[in-house]
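This briefing sets out selected geometric features of the model shown below. It is arranged by topic for use alongside the coordinates.

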Amino acid sequence: MSAYSVTEPSRASKSVAAVLVVVYAIITLLPLLWIISTGFKSGPDSISYPPRVLFEPSLEGYVNLFTTRTRIGAEQFAALPPPETWYDKIVRQSGTVIAGQSRFGERFMNSVIIGFGSTALSIFLGTLAAYAFSRFKVPLKDDLLFFILSTRMMPPIAVAIPIYLMYRELGLSDTHLGMILLYTAVNISLAVWLLKGFIDEIPREYEEAALIDGYTRFQAFRKVVLPQAATGIASTAIFCLIFAWNEYAFAVLLTSGKAQTAPPFIPTIIGVGGQDWPAVAAGATLFLLPVMIFTILLRKHLLRGITFGAVRK
Amino acid sequence: MTDTPIDRMARATPRIVARRVRGLSDRAIAWLFVAPTIFLLLAINIFPLIWTVRLSFTNYAANRPGREVEWVGLRNYERILTSEGIWANMQTTAHFLIWTITLQVLIGFTLAWLINRKFKGNDLLTTLIVLPMMLSPAVVGNFWTFLYQPQIGLFNYMIELVTGTPASSFSMLGPGGLAKWSIIIVDTWMWTPFVMLICLAGLRSIPDYIYEAAEVDRASKWRQFWTITVPMVLPFLMLAVLFRGIENFKMFDMVVLLTGGGPGNETLLASIDLKREAFEKWRTGYSSAYAIILFVTVFGLASVYVKALNKVKQR
Amino acid sequence: MKVRLLTATAVGALLSAGVASAQSNELTLCWAAWDPANALVELSKDFEAQSGIKMKFEFVPWPNFADRMLNELNSGGQLCDLLIGDSQWIGGGAENGHYIKLNDFFAAESISMDDFAPATVYAYSTWPKGEPNYYALPAMGDANGWFYRKDWFERDDIRAAFLEATGRELGEPQTQKELLEIAQFFQGREIDGQTVYGASIFTERGSEGITMGATGALYAWGFKYENTPGQYDMEGAVNSPEAVEALEFYKELYKTGTPPGYDNAYMEQSLDAFKSGQVAMAMNWFAFFPGLAADPTVGGDKIDFFVNPAQNQPASTLGGQGISVVSYSDNVEGALQYVKWFAQPDVQQKWWSMGGYSCHVSVLNDPGFKDSAPFAADFLAAMDNVYDFWQEPAYASLLLAMQDRLHNYVVADQGTAQEALDGLIADWTEVFEDEGKL
């Protein structure tokens, strides 16, 4: 072994480590792959016994996810004109016809509106507060910061009852606005803490220079600090989005037909008869996709985001 | 930038004065910037919390608007603290907390330690491994009911492949005491990467020269591990435990969709029970008291823990 | 940046406002997501054509149905104009003002409750029970029944084996105990190279599953909620020796006659088990029977149906729903118009032909009714002897208590049947005390 270094692990130990981690990765990714593959199975294949690893791919799950189907009488069924589209054809194979669109599209859009709306609001408010905490002498600064953090410790259910009552009085139940405000209140603690960390890292000298050049505080904030903090803001935004995207407890209590997001909806996807696992899997896959992409894009900021900026890589 | 007379004047004046003249004072800006956040938190966190406290002394039922609300004093608290069911739920919660944290710390630390060997491709593997924790817990819980099905589920099938125990001979979510381990398995699957990431950050924060010095002193690898690696990573690990502890004390979504608290009450975590009392039985006053008790418990435990954490950090 | 963010938020708020305000000439009907709901969508197209009102539907899967809908009602939500709600909700719906009282409307439109089967009017429409105050129109009659693999029951080798094992011919069970015997006979048997099991039954814990399943045995043994109706005197009724025996029976059926892993099973799981060929028999609501009869793999010649077997008395657990007008609706007129349309005999006839269980006597008393479907006669027999759970405003607390007690005893193997029922009385007593009824 040449160039021996005490801190550089040996070749052999690296190989052993690599093998062990690969084994763990395979085990841990198996359920995930199973979700994705189940989305492409036909109904019978998905519940076959023993579980089927190789199967003929089918789009049945995706078609079922976006449609509602109904069973009609045998004579009626026989009298139907031949299917016009590929998805009609898939549905007919199970002896049913398409009755209409399912609610998945709507629920997904609700997730988008509420997710992005609350993220925008959290970032807007969070950036302002973080800047103030980072740059100014705010009275009781440490107490306020701790207060903001501590709201995150609260079990959602501890405040769910009065929020439920309050929203009922204010007519905010089952509205996009109500959910946006609620998720913003939950996310703002994360946004303030993360953004404060990012803004702390921007040297004060830049702003000082801008102020000397005659910028006002506002201008300095907008034209100097914000561009510098752009990366931090972007990654904070994505962590806020991931929370709002995945949240379940409040969504199930406070939303119903109009503003319900996808997480309470996906587990309730059923077909004619039992739970339609390919459709559930298809819905889960579509819902995971954005988060998966973000995770890969974000891997450098991951640690900071999930730990409230308490740990930096 | 346009060059107005005011601008020219401003450039000639000292900085502090300039700020006063041409805009709000720093102090005003600070308040302007912080106020909306504080207001939102007061409206949607603190005000409801106070309301919960108030409701906890009444017999109010949110589904019975017509009924007269009575003050019942401490009766709700008394009923909860003397209820056997709730102590059982607390034990279930503790069992879940202790085992998830133990397993996640052990596996997470080991993984981080292995990944820190810096073999080729460790970055890619790290990214893949963390995927489960980015998923929606509700969707995860729902899908695992499918994986846990005795006849057709992947989990039982894999167990049969590996150990030879017939897949349909046991039911992970059914009676027989396995359900409380099933929720631990899923939580561990989901959140081990979280502990791993924090440990990895801890391991990478240890400067090489410490090990080099130890090597010069001819300390064995074993000794280096226990006298350098572990103490240096400990604050990070404790932080991970704090985050997981708070999160799992609040655990609701994943378990509710996986077991709904069953079979019997075997996996009825306190927060699930609370939801049933509040939004299925609609005993609003009673469940408000329940919520307060849980909140005080988690807040108390967390404060004690944070003190301990700070001590470790100072060492 | 700030301006752009503000705009984004404002747009978001506007969007939500836009989505929230529904068009005026629209009705939303809420029900559970299951086969008959799809049939109702088809049926309602006639209404849309006649009235010019656009129908929207919100169908919630059964496990979440009660939770979602009661939450909706309790928060005064305007999502549903019409609600086809479970029979047990009628007390709460009436007392808390969620449902509109329909007496005046019925009188004005000369809709007579005598045109609907008395058991369904009693169960789905009246509050307090049996009083002529109507809060719903019977919409969907239902009860818990059974279906089985006729092709297996007719096979000579299986029949011979059954005769040898029991000394009896294999056929539709006439008593609960015969049912158990058949289930045990099939349990673990090899048929066509696959291991099959006896019966899939309801054991679900979260909503109402195990209560709806176990009461099938309890009622057949003679279980009662009160000694004297309306007195809440449960001691000796709820925990009578018959009730204890029936509960022990249900546990034995679960332990010795059901497929492994069906320990949290309700409608969907029961159907899954049957459709995947795992079980010889299964319990489920009549609502699913049209779909089962038409199933491409296990339907047709392979399936037949029977009413819940009697033991000490014939009895079936009641399901089914009435259609109510939600008082928070902003289109009460349209909703009433729908109810009026739905009550017409020819619409009811079509409802039955499409897979909905009409409660209208003109449909049920039609001489051709019994032969109109392989399960029609069984349905009539079931509806003659139906029993329902408490319909009190506090029904959710009562139900959750029973779910807990039954699941703990039957599935989680804790305590005895006597202890479970004694404990249930204690739980229920507490609820009625809180209600001020005891």
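Which residue follows α3(C), and is its phi positive or negative? The residue after α3(C) is G76(C), and its phi is positive, near 65°. This is a predicted model, in which local features need pLDDT of at least 70, side-chain atom pairs count only at pLDDT 80 or more, and totals for chains, interfaces and linings use all residues. Residues are numbered from 1 along each chain as its sequence is written, while chains are lettered from A and ligands numbered from 1 in the order in which they are written. Helices (H or I, at least four residues) and strands (E, at least two) are DSSP runs, numbered from the N terminus.

**Contact between chains A and B**

- Chain B and chain A each bring 83 residues to their contact, where two residues are in contact if their C-beta atoms, placed from the backbone, lie within 7 Å.
- On the side of chain B that touches chain A, helix α3 (residues 26-55) of chain B gives the most, with 16 residues.
- That side of chain B comprises 56 nonpolar, 12 polar and 15 charged residues; Ala, Val, Leu, Ile, Met, Phe, Trp, Tyr, Cys and Pro count as nonpolar, Asp, Glu, Lys and Arg as charged, and the others, Gly among them, as polar.

**Helix α1 of chain A**

- Helix α1 (residues 11-38) of chain A contains 28 residues, and its first and last C-alpha atoms are 39 Å apart, close to the 40 Å expected at 1.5 Å a residue (the expected span is 1.5 Å times one less than the number of residues).
- A kink of about 35° occurs in α1(A) at L30(A), shortly before the proline P31(A); the bend at a residue is the angle between axes fitted to the seven residues ending there and the seven starting there.
- The buried residues of α1(A) include A17(A), Y24(A), P31(A) and I35(A), where buried denotes 20 or more other C-beta atoms within 10 Å of a residue's own, exposed 12 or fewer, and partly exposed a count in between, with C-beta atoms placed from the backbone.
- The cover over the buried residues of α1(A) includes α2 (43-46) and α15 (277-297) of chain A, together with α5 (84-115), α6 (122-129), α7 (137-147) and α9 (179-204) of chain B.

**Strand pairing**

- In chain A, strand β1 (residues 67-70) is covered on both faces, with T67(A) and R69(A) buried on one side and T68(A) and T70(A) buried on the other.
- β1(A) pairs with strand β2 (residues 97-101) of chain A in the antiparallel sense over four bridges, and T67(A) stands opposite Q101(A); strands pair if DSSP finds at least two bridges between them.
- In chain C, strands β1 (residues 26-32) and β2 (residues 54-60) run parallel and are joined by seven bridges, with W31(C) opposite F59(C).
- The chain passes from β1(C) to β2(C) through helix α2 (residues 35-51) of chain C in a right-handed β-α-β crossover, meaning that, with the strands pointing away from the viewer, the path from the first strand over the helix to the second runs clockwise.

**Enclosed helices of chain C**

- Because 11 of its 13 residues are buried, α3(C) is largely enclosed by the rest of the structure.
- A66(C), in α3(C), is buried, with 22 other C-beta atoms within 10 Å.
- Beyond its neighbours within four places in sequence, A66(C) contacts D86(C) and S207(C).
- All nine residues of helix α12 (residues 267-275) of chain C are buried, so α12(C) is likewise largely enclosed by the rest of the structure.
- The cover over α12(C) includes α3, β7 (194-200) and β8 (279-285) of chain C, and just after α12(C) comes G277(C), with a positive phi of about 75°.

**Backbone exceptions in loops**

- The W127(C) to P128(C) peptide bond is cis, with omega near -10°, and P128(C) lies in the loop between α6 (118-125) and β4 (137-140) of chain C.
- D174(A), a residue other than glycine, has a positive phi near 60°; D174(A) counts as buried, with 23 C-beta neighbours inside 10 Å.
- R218(B), also not a glycine, has a positive phi near 60°, but R218(B) is exposed, with 7 other C-beta atoms within 10 Å.
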